[in-house]
Amino acid sequence: MGGSYGYIRVSSADQNEDRQLLAMREAKVPEDRIFLDKQSGKDFNRTNYKAHQYPPAML
């Protein structure tokens, strides 16, 4: 899975991303290619999500 990336989002700082991170590791996604946002899912205004879209999002 050399070209794989992972994206994890939890809604707030008090929520835990451990289960999603474990799933990424089990899928052999490289640690340096796992990106995390801790913010609401009401829209896609998320820093790491936008930074890794293809084609790049218009910021």
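**Reading contacts, core and ring pair**

Guide: Glu-17 is in contact with Ile-8, Val-10, Leu-36 and Lys-38, its neighbours within four places in sequence being left aside; contact means heavy atoms within 4.5 Å. This is a predicted model, in which local features need pLDDT of at least 70, side-chain atom pairs count only at pLDDT 80 or more, and totals for chains, interfaces and linings use all residues. Residues are numbered from 1 along each chain as its sequence is written, and side-chain values use heavy atoms, with hydrogens and water left out.

Visitor: Is Glu-17 buried or exposed?

Guide: Buried means under 20% relative accessible area, exposed over 50%, and partly exposed in between (1.4 Å probe, protein chains only). Glu-17, at a relative accessible area of 17%, is buried.

Visitor: Which residues make up the largest nonpolar core?

Guide: In soluble globular proteins, nonpolar side chains tend to be buried together. A nonpolar core is a set of buried Ala, Val, Leu, Ile, Met, Phe, Trp, Tyr and Cys residues joined through side-chain atoms within 4.5 Å. Here the largest has five residues: Ile-8, Leu-21, Met-24, Val-29 and Ile-34. Leu-21 is in contact with Ile-8 and Ile-34, leaving aside its neighbours within four places in sequence.

Visitor: How many aromatic pairs does the structure hold?

Guide: A pair of aromatic rings is described by the distance of the centres and the angle of the planes. Rings of Phe, Tyr and Trp (its six-membered ring) pair if their centres lie within 6.5 Å; planes under 30 degrees apart count as stacked, over 60 as edge-to-face and the rest as tilted. The structure holds one such pair. The ring centres of Tyr-5 and Phe-35 are 6.2 Å apart and the planes stand at 20 degrees, so the pair is stacked. Tyr-5 is exposed at 54% relative accessible area, whereas Phe-35 is buried at 16%.
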